[in-house]
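The following paragraphs lead through the arrangement of one chain and then through its contact with a partner chain. Please keep the structure in view while reading.

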Amino acid sequence: MSILVDTNTRLCVSGITGREGTFHSLRNRDYGTQVVGGVTPGKGGQDVEGIPVFNTFHEAVARTDANTAMIFVPPRFAADSILEAEDAGVSLIIAITEGIPAHDELRAYSVIKKNGRARLIGPNCPGILSPGKANVGIIPAAFFKQGNVGVVSRSGTLTYQIGNVLAQSGFGNSTIVGIGGDPVPGSDFIDIIGMLQDDPETELIVMCGEIGGDNEERAADFIADNVTKPVVAYIAGFTAPPGKTMGHAGAIVSGTRGTAKAKAEALESKGVRVGRTPTEVAEIAVSLLGAAA
Amino acid sequence: MDLLEYQGKQVFARHGVPVPSGRHAQTVDEAASAADDIGYPCVIKAQVQIGGRGKAGGIKVANDHDEARDHAGAILGMDIRGLTVHELWVEAASEIASEYYASVVFDRSAKAPLVMLSTKGGMDIEEVADTDPDAIARLHVDPLLGFQEFHGRRLAFEAGVDADVVRPVGAMLARLYDVFVTEEATLVEVNPLIVTPERDVKALDAKVTLDDNSLFRHPDNAELRDPSAEDPQERMAKERGLTFVKLDGNIGILGNGAGLVMSTLDVVALAGGSPANFLDAGGGSKADAITSAVEVILSNPSVKAVLFNIFGGITRGDEVARGLIEAFKKINPTVPFVVRLDGTNDVEGRQLLAEANLPNVFTESTMDGAAQKVVELAAASA
């Protein structure tokens with residue numbers, strides 16, 4: 001088992017004919033993901049190394065039975081593409097695009113929530129990897145192998161860092177989910193941690209948070225009430241000054257709210273172990289899981 | 001992007017939000033002439049993006065021409081909590097019967113716009129929220145529905161505004177919501193929102209934050225950006241397409257990915273060091289971007305040592321190494337570098353660095369080891 005993406009994933013890529021879109025679609029296919037189609041308006045009928053391109057998501061879904069969309073188009077077109085995929089009946093939409101206008105994001109999120117038929121991951125995220133099964137996005141899959149640690153993170157490279165230390169200790173991953181660094185993520189820690197709790201393959205959950213918002217604080221309450229598996233957390237941004245956006249649009253301490261310290265304390269108060277460095281997170285995870293297999 | 005008060009008021013005026021009449025001034029002569037035209041008494045207000053202007057002496061009432069000159073002269077060039085005043089806003093003095101507070105904010109938690117109204121205006125609203133939370137009426141608006149008249153009525157009644165101004169206050173909230181949506185703001189705040197003795201409702205202040213990601217749709221707003229107010233090093237980084245935040249330490253930091261860079265700052269601080277900057281070179285950085293980033297980092301004379309922390313996904317270790325080698329050819333840095341390369345093409349990258357044999361460049365295999373090393377080097381050369 002794993003969550004969200006696996007061998008049943010049938011992926012359709014919006015923006016497949018762009019440079020990045022092509023590169024990552026092919027990398028995802030090379031990994032074994034079923035990339036069944038792509039969407040680029042005006043380029044329907046073409047193909048990208050054998051992957052058929054369609055003008056609309058509706059046509060792509062009708063012709064390929066795509067059940068997952070990956071959004072790779074530039075920011076000004078991204079919310080529209082998300083809404084098109086949702087309208088076409090795609091049930092999982094993974095938005096990689098960074099820099100989508102906040103009000104566009106809010107509208108797309110609100111429509112998806114209201115209709116209740118699709119899940120949005122991201123935007124501004126590295127995607128989802130279920131090692132050995134499917135990779136949807138830009139996560140460098142070579143560093144990860146199949147295993148029992150589920151990871152959910154607001155940051156891509158930080159996930160690679162922690163995953164790498166775990167891999168060096170002999171552990172692998174059930175699924176790695178990047179929920180993204182924007183202020184209005186389509187899915188929160190709570191959504192993904194709930195799925196990992198229900199996933200039989202996952203025995204331990206690692207969550208990587210950062211400054212800004214209250215997603216980590218709400219996750220702490222959720223974990224206390226609903227999660228029986230061990231959870232190890234990392235929070236980035238202890239030294240971030242207030243009022244400065246640290247790279248991710250969502251990573252900002254506003255006044256006294258959204259600090260790393262408050263998040264770490266909220267998690268620890270609910271019994272979640274918090275590592276001070278990525279290495280320490282991996283060490284705690286290893287100690288909780290026992291000796292490497 | 002944060003707007004200055006007068007810029008916010010000009011945006012308000014375009015959307016029919018009532019504001020006192022006023023004029024912008026950058027010199028004492030301009031301010032005095034504006035004051036003569038507006039009439040006395042008028043208010044001379046420092047235009048800086050920071051709270052507490054009044055307490056700092058940055059807002060003064062002038063009753064005649066001479067006073068207008070005196071106040072403008074005193075306020076221009078004044079330092080308010082680290083910011084120098086270069087601009088003034090001169091506006092007609094308003095008589096105040098009541099001071100309220102109104103705002104529309106992007107509520108990340110609820111993932112919806114939040115409209116707030118309180119009769120406790122003119123003071124720090126966070127303090128009101130702490131000491132008297134019931135004094136603030138709050139309402140989330142479904143962004144697909146938009147702000148309805150009943151929303152305004154409900155907020156006005158719940159906040160307990162004077163009965164005769166329920167309608168105009170509700171109308172004011174509707175216009176502020178219109179500003180929020182049309183201009184793609186993440187914050188629209190009026191504190192105080194005043195009721196005059198004639199029972200007019202006006203915005204006496206304006207705090208507007210615009211979403212940077214949407215400025216391409218609002219070229220007029222994009223022009224309001226004031227590059228002279230930005231830190232020169234941050235401006236240099238922005239021109240080069242780098243995500244950069246200046247900090248006050250002495251260890252230059254370069255990494256890839258916002259989360260990893262934030263984490264690097266923390267790990268350096270835990271090792272006893274003090275970072276000079278946040279710099280995310282981004283995904284897929286090529287050698288020239290790395291060279292360019294090194295130039296930005298070293299443009300800060302406080303930097304005593306530099307740490308590269310790269311975990312390559314899209315970014316390739318060999319490109320990072322080539323960029324650093326090129327930077328050494330181009331600018332011949334005198335401070336030591338510690339390089340930690342992992343991930344895609346890390347072996348190739350480390351080999352390139354070994355072959356180049358750059359002076360004062362140390363490679364480390366772990367993030368923690370690299371942080372230790374750079375802290376030692378910075379301490380030794382400080």
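**From domains to chain contact**

In this predicted model, chain A is divided into domain 1, spanning 10-121, and domain 2, spanning 144-289. The C-alpha centres of domain 1 of chain A and domain 2 of chain A are 27 Å apart. Between them, the contact draws eight residues from domain 1 of chain A and seven residues from domain 2 of chain A.

Which elements supply the side of domain 1 of chain A that touches domain 2 of chain A? At least two residues each come from H4 and from strand S7 (119-121) of chain A. H4(A) provides the largest share of that side, five residues.

Attention now turns to the contact between the chains. Chain A contributes 48 residues to this contact, and chain B contributes 42 residues. On the side of chain A that touches chain B, two or more residues are given by each of helix H3 (75-87), helix H4 (102-115), helix H5 (156-168), strand S12 (204-210) and helix H9 (278-289) of chain A. Which of these elements gives the most? H4(A) does, with eight residues. The side of chain A that touches chain B is made up of 23 nonpolar, 17 polar and eight charged residues.

Taken together, H4(A) gives the most to the side of chain A that touches chain B, and H4(A) also provides the largest share of the side of domain 1 of chain A that touches domain 2 of chain A.

Methods
Residues numbered from 1 in each chain as written. Chains lettered and ligands numbered in written order. Predicted model: local features only at pLDDT ≥ 70, side-chain atom pairs only at ≥ 80, totals over all residues. Contact = placed C-beta atoms within 7 Å. Helix = DSSP H or I, 4+ residues; strand = E, 2+ residues; numbered from the N terminus. Nonpolar A, V, L, I, M, F, W, Y, C, P; charged D, E, K, R; others polar. Domains from an automatic or database assignment.
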